[in-house]
Amino acid sequence: MAKLHVTTTINGEPTEFLCDPSQSMLDVLRNSLGLTGSKEGCGTGDCGSCSITLDGRLTCSCLVLAAEVGGHEITTIEGMAQGDELHPLQQKFLEMAALQCGICTPGVLMAARSLLEKNPEPTETEVRFWLAGNLCRCTGYDKIVRAVLETAAEMRSAA
Amino acid sequence: MTDIRYLAPPTLDEAVRAFAAAQGAARILAGGTDLLVQMRNGMVHPGTIIDIKKIPEMTSITEAADGSFWVGAAVSGAVLAEHPRFGKVWPGVLEAINLIGSTQVQGRASAGGNLCHGSPAADSVPAMVAAGAVLTIAGPNGRRTMPVEAFPVGPGRTSLAAGEILVGFTLPARPAGSGDAYLRMIPRTEMDIAVVGVGVSLTMAGGVVTAARVGLGAAAPTVLLVADAAKVLVGSKLDDAALNAAAAACSAACKPIDDKRGTIVYRTKVAAVLLKRAAAIAADRAQGRA
């Protein structure tokens, strides 16, 4: 099968890879580029554990063809911490134990960051609706929602 | 696996030529929220994937001088929601499109894809039918237009001819005193497929309905335009008699199936309830009360 050569930007770094035309971006992230922070839960866009942003917009990487991302900008969970410094959401999730098994956590963090960039002062209802596409099989939603709300409050007072 | 080709043509003409040349073995890719799932499940095996997102006409939203809107077939729900004007003029169409899937899905999924997928339960379609949207379709024999309600012909089947591509939607200019709304019944609060969906668009003057359209989803093999329901609303002040008659017309139009989401009896009853509730919201919007 003829491989496609794709040039893109991932977490600010110019990146090139080869892919099959039908390969998903999630597959390339995990299996070609070694970026295994994005998880495959369902592979059909239902669970949100593979969430990335594509040109700043939250999406499921399992529903994006790798061939599509040429010339676009991707961020993944690996780009969330700055060196050793965790993003405030990551720090708060640790402090408040807003995770159990951790499989959904990278996707939840990506989605929550995307929410706070758009809406720095979300209500609990807004958080719950925004994160409705991130399924947690441990059903730990309550701590996740509280951690997002608390992070939002801290980020506002720090701003 | 056979060789799959990925093409992202920059113009509609090139897309039409590539689609025709593939002789039915190609699939159009907009947001991919249906196509990639179908490919993964082995339901489709496209020889060529034609990504239409590099075609400006198919990814743009334009408000014309006369007040009509063009919405390209590949415009995502999230992009449409961020348009400064669209949701003010067509709140019902926008809320219907924004009900499709999660935040992640909204970042990719389009009204064009929702329509072309051909589901009788597609949320955006009853609202588009109520809005009187007109489709532009391009194919090897040029362009043609069609009212949106003529597009679906059965579950998963559309009236696109071989080699034709849906280019986008034209929503007509909106007279003063107009409002629309879409409501669906789901047993959850979010992320589900409509058991029944109803879109209503009204134009009112002095409390009297001067124009109405009603779209009904998930209650027949295709989304339906319910002209009988609209007819009894026109000329009324949305009094109980008119609403009851329109609700009855909505139920009468139902030809649903029994399935895990709902029974025939339930869907037929809920169609009437949603008609009344959606009409009330559309009326409030038409009269500037919401």
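The model is predicted: local features need pLDDT of at least 70, side-chain atom pairs count only at pLDDT 80 or more, and totals for chains, interfaces and linings use all residues. Residues are numbered from 1 along each chain as its sequence is written, while chains are lettered from A and ligands numbered from 1 in the order in which they are written.

**Chain A overall**

- Chain A holds five helices and five strands, where helices (H or I, at least four residues) and strands (E, at least two) are DSSP runs numbered from the N terminus.
- Read from the N terminus, the order of elements in chain A is β-β-α-β-β-β-α-α-α-α.
- The C-alpha trace of chain A spans about 50 × 30 × 25 Å along its principal axes.
- Buried residues make up 45% of the 159 in chain A; a residue is buried if 20 or more other C-beta atoms, placed from the backbone, lie within 10 Å of its own, exposed if 12 or fewer, and partly exposed in between.
- Of the contacts in chain A between residues at least 6 apart in sequence, 59% join residues at least 24 apart; a contact means C-beta atoms, placed from the backbone, within 7 Å.

**Helix packing in chain A**

- The axes of α2 (residues 88–95) and α3 (residues 105–118) of chain A come within 10 Å and cross at roughly 130°; axes are lines fitted to C-alpha atoms, for helices over the stretch in contact, and angles run from 0 to 180 degrees between N-to-C directions.
- In this contact, Leu89(A), Gln90(A) and Phe93(A) of α2(A) meet Thr105(A), Leu109(A), Ala112(A) and Arg113(A) of α3(A).
- The axes of α2(A) and α5 (residues 141–158) of chain A come within 9 Å and also cross at roughly 130°, and these two helices are therefore oblique as well.
- On the α2(A) side of that contact are Pro88(A), Leu89(A), Lys92(A) and Phe93(A), and on the α5(A) side are Ala147(A), Glu150(A), Thr151(A), Glu154(A) and Met155(A).

**Contact between the chains**

- Chain A contributes 25 residues to the contact and chain B contributes 22.
- On the side of chain B that touches chain A, β1 (5–7), α2 (35–40), β3 (48–51) and α6 (103–106) each supply at least two residues.
- The most comes from α2(B), with four residues.

**Within chain B**

- Helices α10 (residues 240–253) and α11 (residues 264–286) of chain B pack at an angle of about 140°, with their axes 8 Å apart, so α10(B) is oblique to α11(B).
- Among the residues that meet here are Leu243(B) and Cys250(B) in α10(B), and Thr268(B) and Leu275(B) in α11(B).
- Ala150(B) sits in the loop between β7 (142–147) and β8 (152–154) of chain B.
- Ala150(B) counts as partly exposed because it has 14 C-beta neighbours inside 10 Å.
- The C-alpha atoms of Ala150(B) and Val134(B) are 9.7 Å apart, with the two residues 16 apart along the chain.

Terms used:
Contact = placed C-beta atoms within 7 Å. Parallel < 35°, antiparallel > 145°, perpendicular 65-115°, else oblique.
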